[in-house]
Structures are given as C-alpha cells and as structure tokens.
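Student: I would like to learn how to read a structure. Please take me through one feature at a time.

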Amino acid sequence: MNWSGIVLGMAVFACIGLFHPIVIKAEYHFGTGCWWVFALCGAGFLTASLLIPDDHLSTLLGVIAFSCFWSILELFEQKKRVEKGWFPKNPNKEESSNH
C-alpha cells in the first residue's frame with residue numbers, strides 16, 4: 001500500500017486549515033498592507049521546494065508556497081468581508097493602514 005497520497009492530502013488539508021485563520025488575523029491586525037509578507041514567504045517556500053531533493057517534502061513546500069500566494073488574494077477578500085460586516089473590524093487599526 002502507498003500511503004503517501006493520503007498523507008499529502010491530509011497535509012494539504014491541514015495547510016488550508018492553518019492559513020484560513022492566519023489570513024483573518026493578519027487582516028485584523030495589519031490590514032492588507034502585509035500582503036508582501038505572504039509574497040516573501042511564498043517565494044521562500046517555492047525556492048526551498050525547488051532545492052529539496054525529497055519529492056514528498058518538495059511537494060509539501062510547494063503547497064505551502066502556493067497557500068502563501070493564495071493568501072494574498074484572500075487578504076483582500078477578507079477586507080471586503082470585514083467591510084460587509086461578516087467579520088469584526090479592528091477598532092484600533094487606522095484606516096490608512098488598510099490600503
């Protein structure tokens with residue numbers, strides 16, 4: 001039996017589950033101005049994925065990289081969800097930091 005697909009699937013599921021609250025917290029505390037952090041992390045994980053010889057670890061790092069990249073889009077979508085009132089707005093965050 002080959003369990004690698006199931007293990008990788010669970011890791012992808014966990015990665016998605018982890019990034020969802022990270023995006024919510026990042027938008028709440030920093031606004032959309034922190035998008036570059038996700039871009040840099042994504043680029044770092046993508047580079048590591050290219051350099052790691054192990055197929056399973058390389059694949060997992062690639063998944064994390066693209067989860068970071070997808071989080072940039074989700075950060076701006078989260079801003080819209082906050083504006084619609086679906087999520088709480090941080091009363092201590094300045095409006096200008098949201099741009």
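Tutor: Start with the naming of elements. Helices (H or I, at least four residues) and strands (E, at least two) are DSSP runs, numbered from the N terminus. Arg-81, for one, lies in helix H3. This is a predicted model: local features need pLDDT of at least 70, side-chain atom pairs count only at pLDDT 80 or more, and totals for chains, interfaces and linings use all residues. Residues are numbered from 1 along each chain as its sequence is written, and side-chain values use heavy atoms, with hydrogens and water left out.

Student: Is Arg-81 buried or exposed?

Tutor: Buried means under 20% relative accessible area, exposed over 50%, partly exposed in between (1.4 Å probe, protein chains only). Arg-81 counts as buried because its relative accessibility is 19%.

Student: Which residues is Arg-81 in contact with, leaving aside neighbours within four places in sequence?

Tutor: Contact means heavy atoms within 4.5 Å. With those neighbours left aside, Arg-81 is in contact with Glu-74, Trp-86 and Phe-87.

Student: How do I check the span of helix H2?

Tutor: The expected span is 1.5 Å times one less than the number of residues. H2 runs over residues 35-51, 17 residues in all. From first C-alpha to last it reaches 25 Å, close to the expected 24 Å.

Student: Which residues of H2 are buried?

Tutor: Phe-38, Gly-42 and Ser-49. They cover an arc of only 35 degrees around the axis, so they sit on the same side of H2. The arc is that of the directions from the helix axis to the C-beta atoms. In general, an α-helix has 3.6 residues a turn, so residues three or four places apart point the same way.

Student: What covers the buried residues of H2, and which exposed residues are on the face turned away?

Tutor: The cover includes helix H1 (4-30) and helix H3 (55-83). The face turned away from the buried side carries exposed Leu-40 and Leu-51.

Student: Where is Phe-45, and what does it contact beyond four places in sequence?

Tutor: Phe-45 is in H2. Its relative accessible area is 31%, so Phe-45 is partly exposed. Leaving aside neighbours within four places, Phe-45 is in contact with Leu-61, Ile-64, Ala-65 and Cys-68.
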